Amino acid sequence: MRTDLNTLLTALYVKIDDHLGRPPRMGRPPRLTDAELITLAVAQALLGVRSEARWLRFVPAHLPGAFRYLPGQSGYNKRLRAASPLLKRVIRMLALDTDLWADTTWVVDSTPVECARSRPTVKRSALAGWAGYGYCASHSRFFWGLRLHLICTPAGLPITWALADPKIDERQVLMAMLDHDPEVLADRPGLLIIADKGYASRELDRYLADRGIRLWRPSYRNRAPHPAQHLLKPVRQLIESVNDTLKGQRDLELHGGRTIDGVTARIAQRLLAMTAAIWHNRATGQPVTRSLIAFDH
């Protein structure tokens, strides 16, 4: 099977359309269906077009005939912001349709999602109350925005994720994510989560042990090293590479969202684009699961 953007979009549209069906609606049906909206959003993320107005001008010239109707920029923005639950639902649907979903090893980490830089922007931002100041150790800088907490398989398939104020302890966020989405733990005997030193906590250890989950993380210098310490670093690099894919190829930090609904939708859009590429690569037997090269041009 060919692995190019048009093939991916066609397969994705058919999959979403079959999954969603035709729910009853009051009044006139929308000219752009939910399946078409999600497919359009994935194509935008894969091609790296951040401006919605530019994207809607780009589609007729570069993807002629792919979509029977295109809304205006305002309508597209409104539909996309309201589609966050649908985007999350499709991410899960595609993840469940891969053999990677049954992986019994997960990696977890958080990464900054900057939303503003200047003090005047922070003061007038509609994200006040959601976003806050945090510190990015990898770049040795402070930022104002949110943190993306991501649990994924070593291959990069998203299991579950959340956006949170950077001041909230990432151990608390991990427990909240698993409490909010308990079905991800179903039928996973011997589940192993690999994390960094920031997840060291007796409370978290007890929480996971009560659910039959093992947590491996590097030991502090004043503690006895973990027996599998030499194996942790290569696995930890996997989620760093996932974050690099989201930031370097999917422009995660250049989302342009100005409200919590807008930021959430744009982050979900990028996670869905990566999930769709992984789903398609697994279905077509590609040698590199998370390769997006075939779809970004």
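Trainee: Why does arginine 270 count as buried?

Mentor: Buried means under 20% relative accessible area, exposed over 50%, and partly exposed in between, with a 1.4 Å probe and protein chains only. Arginine 270 counts as buried because its relative accessibility is 6%. Keep in mind that this is a predicted model, where local features need pLDDT of at least 70, side-chain atom pairs count only at pLDDT 80 or more, and totals for chains, interfaces and linings use all residues. Residues are numbered from 1 along each chain as its sequence is written, and side-chain values use heavy atoms, with hydrogens and water left out.

Trainee: Where is the place of arginine 270?

Mentor: Helices (H or I, at least four residues) and strands (E, at least two) are DSSP runs, numbered from the N terminus. Arginine 270 sits in helix 10, residues 260–283. The chain has 10 helices and six strands.

Trainee: Which residues does arginine 270 touch?

Mentor: Contact means heavy atoms within 4.5 Å. Leave out residues up to four places away in sequence, and arginine 270 touches Ala45, Arg50, Leu246, Arg250, Asp251, Leu252, Leu254 and His255. Take arginine 250: it is 20 residues from arginine 270 along the chain, yet their C-alpha atoms are separated by 6.2 Å.

Trainee: How do I find empty space in the structure?

Mentor: Rolling a probe the size of a water molecule over the atoms shows where empty space is left. On a 1 Å grid over the protein atoms alone, a cavity is a set of points where a 1.4 Å probe fits but cannot get out; a pocket is an open set with protein on both sides within 12 Å along at least five of seven lines; lining residues have an atom within 4 Å of a point. Grid points are joined across faces, edges and corners, and a volume is the space filled by probe spheres set on the points.

Trainee: How many cavities of 30 Å³ or more does a search of the whole structure find?

Mentor: One. The largest cavity holds about 80 Å³ of space. Its lining includes Ala45, Arg50, Arg250, Arg266 and Arg270. Helix 2 (34–47) and helix 10 each give two or more residues to that lining. Helix 10 has the largest share, three residues.

Trainee: What classes of residue does the lining of the largest cavity have?

Mentor: Ala, Val, Leu, Ile, Met, Phe, Trp, Tyr, Cys and Pro count as nonpolar, Asp, Glu, Lys and Arg as charged, and the others, Gly among them, as polar. The lining of the largest cavity has two nonpolar, four polar and six charged residues.

Trainee: What volume does the largest pocket have?

Mentor: About 610 Å³. The largest pocket is lined by 24 residues, and Lys88, Trp161, Ala162, Leu163 and His180 lie nearest its centre. Strand 4 gives the largest share of this lining, seven residues. By class, the lining of the largest pocket has 13 nonpolar, five polar and six charged residues.

Trainee: And what volume does the second largest pocket have?

Mentor: About 530 Å³. The second largest pocket is lined by 22 residues, and those closest to its centre are Asp109, Ser110, Ala137, Ser138 and Arg147. Helix 9 gives the most to this lining, with five residues. Here the classes are six nonpolar, six polar and 10 charged.
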